[in-house]
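User: I am new to this structure. Please show me how to read its features one at a time.
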Amino acid sequence: QVQLVESGGGLVQAGDSLRLSCVASGLTFRRCYMGWFRQAPGREREFVANVSRGGYNTDYADSVKGRFTIARDNAKNTVYLQIDSLKPEDTAVYYCAASSDYGQAFVYWGRGTQVTVSS
């Protein structure tokens with residue numbers, strides 16, 4: 001059974017930083033693309049960032065480039081999202097996602113971690 005468990009969210013002030021973590025189990029982590037998505041109140045879930053299997057290639061939504069950094073540790077089955085210079089519009093539930101083995105579509109999802117940024 002695949003499980004993705006996010007942590008690291010919280011209530012912060014604008015300008016602060018957070019590091020989100022997602023620990024995966026029940027899959028062969030090094031074979032999976034990993035990503036982060038977010039969903040703000042009243043809005044659809046949107047792509048934030050992804051990272052390739054080896055961790056060498058990353059992609060970001062335009063809205064977060066330069067402030068968010070995705071990274072993975074295949075030895076720990078963990079993917080991270082470093083968020084700097086937080087803005088109130090970053091307030092959302094952040095979800096971790098994983099592809100199937102050697103796939104690119106995200107098929108596994110975590111339950112999310114809430115990030116709330118006050119101005």
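Analyst: Start with strands: helices (H or I, at least four residues) and strands (E, at least two) are DSSP runs, numbered from the N terminus. Two strands pair if DSSP finds at least two bridges between them. Here, the hairpin of β4 and β5 has six residues between the strands, and G42 in it takes a positive phi near 75°. This is a predicted model: local features need pLDDT of at least 70, side-chain atom pairs count only at pLDDT 80 or more, and totals for chains, interfaces and linings use all residues. Residues are numbered from 1 along each chain as its sequence is written, and side-chain values use heavy atoms, with hydrogens and water left out.

User: How many bridges join β4 to β5, and how many join β4 to β9?
Analyst: Five bridges join β4 to β5, and the two run antiparallel. F37 has F47 of β5 as its bridge partner. Six bridges join β4 to β9, again antiparallel. There, G35 stands opposite A97 in β9.

User: What is the strand order in the open sheet of four strands?
Analyst: The order is β1-β3-β8-β7, with antiparallel pairing. The edge strands are β1 (3–7) and β7 (68–73), and each pairs on one side only. From one strand to the next, the twist averages 15°; axes are lines fitted to C-alpha atoms, for helices over the stretch in contact, and angles run from 0 to 180 degrees between N-to-C directions. β1 and β3 pair over five bridges, and C22 in β3 is the bridge partner of E6. Strand β3 (residues 18–25) is joined by six bridges to β8 (residues 78–83). L20 stands opposite L81 in β8.

User: Which residues of β1 are on its covered face?
Analyst: L4 and E6 are on the covered face of β1, while Q3, V5 and S7 form the uncovered one. For single residues, buried means under 20% relative accessible area, exposed over 50%, and partly exposed in between (1.4 Å probe, protein chains only). β4 is mostly covered: five of its six residues are buried.

User: How is a pair of aromatic rings described?
Analyst: By the distance of the centres and the angle of the planes. Rings of Phe, Tyr and Trp (its six-membered ring) pair if their centres lie within 6.5 Å; planes under 30 degrees apart count as stacked, over 60 as edge-to-face and the rest as tilted. A search of the whole structure finds three aromatic pairs. F37 and F47 are edge-to-face, 5.7 Å centre to centre, with 75° between the planes. F37 lies in β4 (residues 34–39) and F47 in β5 (residues 46–51), so the pair ties together parts ten residues apart in sequence. F37 is buried, at 13% relative accessible area; F47 is partly exposed, at 26%. F37 also pairs edge-to-face with F106, at 5.4 Å and 80°. F106 is in strand β10 (residues 106–109), 69 residues from F37. F37, F47, F106 and W109 form one aromatic cluster.

User: Where do nonpolar side chains tend to be in soluble globular proteins?
Analyst: They tend to be buried together. A nonpolar core is a set of buried Ala, Val, Leu, Ile, Met, Phe, Trp, Tyr and Cys residues joined through side-chain atoms within 4.5 Å. Here the largest core has 29 residues, and M34, W36, V79, L81 and Y94 have the most contacts inside it. Strands β3, β4, β5, β7, β8, β9 (92–99) and β11 (113–118) each supply at least two of its residues.
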